[in-house]
Amino acid sequence: MVNEEAYDCDALVVGSGCAGLSAAVTAGHHGLKVLVVEKEPRFGGTTARSGGWLWIPGTSLAKAWGIEESPDQAKTYLRHEAGNNFDAARVDAFLTEGPKAVDFFTTSTAVRFDMPLTFPDYHAEAPGGAQGGRSMVTRPFDAHELGDALKDLGSPLPELTVFGMMLGSGKEIVHFMRATRSLTSAAYVAKRLSKHAIDVMRNGRGMTLTNGNALAGRLAKSAFDLMIPLWLNSPVRELIVKNGVVRGAIVVREGRTIRVNAKRGVVLACGGFPHDVARRQKMFSHAPTGKEHYSPGPTGNTGDGLRLAESAGGRIDDSLPNAAAWVPVSVTTRKDGSKGVMPHFIDRAKPGVIAVMRDGRRFANEGNSYHDFVQAMIKAAKPGDEIAAHLICDHETLRKYGLGCVPPRPMPLGHHLKNGYLKRGATLTELAAQAGIDGKALEATVAEFNSTAAEGRDPAFGKGSRAYNRYQGDALHGPNPCIAPIQRGPFYAIKMVIGDLGTYAGIRTDANARALDADGQPIAGLYAAGNDMASIMGGNYPGAGITLGPALTFGYIAGKHIAGVAAEQRGSSNPSS
C-alpha cells in the first residue's frame, strides 16, 4: 500500500487493560521492544471500571497472614467449580505462575496489592474452598504519579462513585455506610471527602485512585517506566500472517495505516465481547435479539480480539454453561440524561432486603454471589417474560444502607424517585402497582419472610447461612447479618436486569496463553489473555477477582513466553514454534 507506514517491534499487545499491560510490562522487563495499541481514546479498558480485586491462591500476601495452602487445595476447588469444563493444564499454569506474577509485579513494578485476612470464596463451603487468603485488592494510587498521562486514564463507573470520588473496596465502603452510626466512620468519611474536595479544587478531579482505576494506573505507570509506547485511538484492522505465523498487525492511527511488524508475536487482550450484539445473540440465552443485556463494561469491547483470532485460524470456546460472568444491574438515568448501568454487588445481602420476580415471589438467596443470583433469575423467569427482578425494602433499610444507585442517609432520594429508577409506595400493594409486581403475592411473600426474620432465620432460601452472605451483610446486625423484617412503609423497589463483568467464552488457548487452531495446535506468534481468552473457571464464579487474577497471570505468562523466558516448564521456549 502506497501510504502505508511501518513500525517494528518485538511484541505487539492489543488492548490496555490488566491482561494487556501485564503482558507488555513483563515482556518489556525482559528486554523486548513492546508496543501497546488501544482502540479507545483512553487506556485501562474494563479494568479501569472494575473493583480491582484479583483472585490468586498461594501468594506471598497470604503467607504474610500465616495462610499456607497447597496448590492441591485450590485445584480441588477449581475442579469442583468448573465441573466437566475443568482444564487441568491451564489451571496448573495459573496456580503455579499466579503467585510468581504477584511477586514480580510487587517487587519490580509500581503495582501493589493489599489482602484482607478474611474474604471468603463465593462457595467457601465447597471442597477446597477457603475463608480467606485468595482475594486481594489493588492498593490506592496517587494519580500524580501518572503525570500528563492521567488525562488518558479511563474513568470509573459514575454509579460507583460519591461526588465523583472513587471508594476503595472493603473497609472504605463500610465506613461510608456507617458514617451516620459511628463516630470513627464519620471522622474517616469527613477526612476522605475533605481531601477529595481539595484535590478537585487544585487539580479538577480526585487524585486518589482506588480499585480497578488504581490497577490500570499502576500498570500503566509500570509500562511508562519501561518506555513502552501506548497508542490510543488505534484500532487493529487485521493481523499479518506469513506462512501460518502471526507477524504483526495493520493498525489505524490518526487516520494513517501503519504496518506494525512484531518479530516475536501479538497478544490479544481486547476485553472480550460484552458489546458485540451478534455474538451475544448467539451465546446469551437471556438475550434472544442480543439487546436484552446491559453491560457496564466499555462500549468498545465488541469482540475485536475474537474476530482477529478467528481470522488467523483460532477457535472460540463456546461450550461453557455460562458465556459470561453475570451480574444483576439496574439502569438509571444520570443527571445529564445519559444512561448508567449499576452493578448490584453488596446491597442484596443487607438485612431487610429481598428480591422478587414479577409474580411477587422470592426465588433465591439474595446474599449469594451475583453470578449465582443471575442464574437463579433466569431459571425463575416465566417463558416469554422479561428476565428481571426487583429488590424490595422498607424506608429504614433504604436510609440505613442505600440500594443500588440510591445512597444512604443523609443523601437525598429525590432524583431517583423523579426519574423512576426508585419506586415508592405507602403500602406494599401500592408499591407493587408502581413496579408492575403481583400485589397480593408480594404481601404474602413479605409476611412469610417476616414470620422468621426477627429470629434471623430464612427457612425458604437460607439467606445468611453462607460465609460469603455474612461477609456482605451487616456485621453489626444480629442475630443474622443478612436478615431483618420488612416492616414500616413507605416501601421501595428497584428493578434489576442482567449484565456482565466480562465474558467467559473466548479464544481457546494453551497453558502458555498461545491461541489454538482447530486441531488444538498453537498458532505461532499469537497469544490471548484476559477476557479475550476462554475462562479457566469453567463458566462458574468461584471468588472475588476471578477475571483479573487470571488476566494478570496469563498476561505475565504470555509476556514471559513471548520473551522466551522459563517456558521450559510448559513447552517450547520458541514463541514461533
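A crossing of two helices is termed left-handed if the near helix is turned anticlockwise from the far one by less than a right angle, and right-handed if it is turned clockwise. The structure is a predicted model, in which local features need pLDDT of at least 70 and side-chain atom pairs count only at pLDDT 80 or more, whereas totals for chains, interfaces and linings use all residues. Residues are numbered from 1 along each chain as its sequence is written, and side-chain values use heavy atoms, with hydrogens and water left out.

The protein contains 16 helices and 23 strands, where helices (H or I, at least four residues) and strands (E, at least two) are DSSP runs numbered from the N terminus. With a radius of gyration of 24 Å, close to the 25 Å that the globule rule gives for 577 residues, the protein is as compact as a globular protein of that length; the radius is taken over C-alpha atoms, and the rule is 2.2 Å times the number of residues to the power 0.38. The C-alpha trace spans about 70 × 55 × 50 Å along its principal axes. Of the 577 residues, 59% are buried, a class that requires under 20% relative accessible area, with exposed meaning over 50% and partly exposed in between (1.4 Å probe, protein chains only). Among contacts with a separation of 6 or more, 73% are between residues 24 or more positions apart, contact meaning heavy atoms within 4.5 Å.

Two helix pairs were examined, with axes as lines fitted to C-alpha atoms over the stretch in contact and angles running from 0 to 180 degrees between N-to-C directions. Helix H3 (residues 71-82) packs with helix H4 (residues 88-108) at an angle of about 140 degrees, the axes being 10 Å apart. H3 is therefore oblique to H4, since angles under 35 degrees count as roughly parallel, over 145 as roughly antiparallel, 65 to 115 as roughly perpendicular and the rest as oblique. The crossing of H3 and H4 is right-handed. Pro-71, Ala-74, Lys-75 and Leu-78 of H3 make the contact with Val-91, Asp-92, Phe-94 and Leu-95 of H4. By class, this contact of H3 with H4 has six nonpolar, no polar and two charged residues, where Ala, Val, Leu, Ile, Met, Phe, Trp, Tyr, Cys and Pro count as nonpolar, Asp, Glu, Lys and Arg as charged, and the others, Gly among them, as polar.

Helix H1 (residues 18-29) and helix H7 (residues 211-225) pack at about 25 degrees, with their axes 9 Å apart, and H1 is accordingly roughly parallel to H7. The crossing of H1 and H7 is left-handed. On the H1 side Cys-18, Leu-21, Ser-22 and Val-25 take part, and they meet Leu-215, Ala-216, Leu-219, Ala-220, Ser-222 and Ala-223 in H7. The residues of the contact of H1 with H7 divide into eight nonpolar, two polar and no charged.

Several loop positions were also characterised. His-123, in the loop between strand E4 (113-114) and strand E5 (135-138), counts as buried at 13% relative accessibility. Apart from neighbours within four places in sequence, His-123 is in contact with Tyr-77, Glu-81, Gly-129, Asp-372, Asn-540, Tyr-541 and Pro-542. Gly-31, in the loop between H1 and strand E2 (34-37), counts as exposed at 59% relative accessibility; Gly-31 and Tyr-294 are 263 residues apart in sequence and 41 Å apart in space, C-alpha to C-alpha. Thr-302 is found in the loop between helix H8 (277-283) and helix H9 (304-311), and its C-alpha is 12 Å from that of Gly-506, with 204 residues of sequence separation. With neighbours within four places in sequence left aside, the contacts of Thr-302 are Lys-39, Gly-272, Phe-273, His-275, Asp-276 and Arg-307.

Most residues other than glycine have a negative phi, and most peptide bonds are trans. A cis peptide bond with omega of about 10 degrees joins Arg-409 and Pro-410, and Pro-410 lies in the loop between helix H11 (395-401) and helix H12 (414-418). Another cis peptide bond, with omega of about 5 degrees, joins Gly-489 and Pro-490, the latter lying in the loop between helix H15 (467-472) and strand E20 (491-503). Asn-233, although not a glycine, has a positive phi of about 50 degrees; Asn-233 is located in the loop between strand E10 (230-231) and strand E11 (236-242) and is partly exposed, with a relative accessible area of 42%. Ala-513 has a positive phi near 70 degrees, lies in the loop between strand E21 (506-507) and strand E22 (514-516), and counts as buried at 0% relative accessibility.
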